[in-house]
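Please read it alongside the sequence and the 3D view.

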Amino acid sequence: MSYLRPSLVLLILLTLLTGIAYPLLTTGLSQLLFSGAANGSLLYRGDKAVGSALIGQNFSKPQYFWGRPSATGDSAYNALASAGSNLAATNPALDKAIAERAAQLRQANPAMSGPIPVDLLTASGSGLDPHISIAAAHYQLARVAAARHLPQAQVATLIDENTDRATPNFMGQSVVNVLKLNLALDALQ
């Protein structure tokens with residue numbers, strides 16, 4: 001019986017500290033210091049949220065840049081099914097999927113020859129990657145410029161403006177956020 005009162009007091013105190021005070025403090029600080037990131041890094045068209053800079057979207061029209069393939073099952077970029085395909089490099093299903101993607105990309109981008117950037121052929125580990133390499137963006141440049149009746153130099157400038165640079169350069173690869181780039185293209189129209 002002598003342990004009951006201190007145990008209850010400690011339970012109440014720790015519940016108040018870890019269940020209420022700490023979450024309120026961290027939420028308040030994150031809203032104050034990093035409100036954009038704390039709210040999901042949302043991107044807007046006007047006053048309407050159209051997506052997050054951290055989660056890819058399925059673009060398939062020729063006037064848009066396409067992102068990495070999604071391995072999230074039947075519905076592309078389904079955040080509830082975030083996972084890689086788990087297909088081994090020797091799995092025939094992976095070879096078939098890559099061959100189909102390559103055929104689709106070659107048909108959609110007939111002006112391009114040579115190898116297709118690997119990130120346009122393979123899904124990321126999460127299946128939700130919002131970025132493509134600079135090479136993957138340039139691979140699609142001619143198709144997008146022609147579909148939008150824009151000069152290729154103007155589209156190349158948009159690619160450069162929407163590239164997230166690795167800082168410093170040896171700490172990773174510079175990448176292009178597909179949703180930001182497509183929103184910038186829409187803003188031109």
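The model is predicted. Its chain is divided into domain 1, residues 3–39, and domain 2, residues 48–187. A search of the whole structure gives 5 salt bridges, and the structure also holds 1 aromatic pair.

**Domains**

- The centres of domain 1 and domain 2, taken over C-alpha atoms, are separated by 40 Å.

**Salt bridge between two loops**

- Arg 68 and Asp 129 form a salt bridge in which the closest N and O atoms are 3.7 Å apart.
- Arg 68 belongs to the loop between β2 (48–52) and α3 (92–108), and Asp 129 to the loop between α3 and β3 (131–133), so this pair ties together parts that are 61 residues apart in sequence.
- Arg 68 has a relative accessible area of 17%, and it counts as buried because that value is under 20%.

- Lys 96 pairs with Glu 100 in a salt bridge, with 3.9 Å between the closest N and O atoms.
- Both residues lie in helix α3, and their spacing of 4 residues is about one turn of the helix.
- Lys 96 is exposed, at 55% relative accessibility, whereas Glu 100 is partly exposed, at 47%.

- In the salt bridge of Asp 160 with Arg 165, the closest N and O atoms are 2.3 Å apart.
- Asp 160 is partly exposed at 45% relative accessibility, and Arg 165 is partly exposed at 45%.

**Aromatic rings and charges over them**

- Phe 59 and Tyr 64 form an aromatic pair, with 5.3 Å from centre to centre.
- The planes of Phe 59 and Tyr 64 are 35° apart, and the pair is tilted; the angle falls in this class because stacked planes are under 30 degrees apart and edge-to-face planes over 60.
- Phe 59 and Tyr 64 are both buried.
- The ring of Tyr 64 also has the charged end of Arg 148 over it, 4.9 Å from the ring centre.
- Over the face of Trp 66 lies Arg 143, at 4.0 Å from the ring centre.

Notes
Residues are numbered from 1 along each chain as its sequence is written. This is a predicted model: local features need pLDDT of at least 70, side-chain atom pairs count only at pLDDT 80 or more; totals for chains, interfaces and linings use all residues. Side-chain values use heavy atoms; hydrogens and water are left out. A salt bridge is a side-chain nitrogen of Lys or Arg within 4 Å of a carboxyl oxygen of Asp or Glu. Buried means under 20% relative accessible area, exposed over 50%, partly exposed in between (1.4 Å probe, protein chains only). Domain bounds come from an automatic or database domain assignment. Rings of Phe, Tyr and Trp (its six-membered ring) pair if their centres lie within 6.5 Å; planes under 30 degrees apart count as stacked, over 60 as edge-to-face and the rest as tilted. A charge sits over a ring if NZ of Lys or CZ of Arg is within 6 Å of the ring centre and within 35 degrees of the ring normal.
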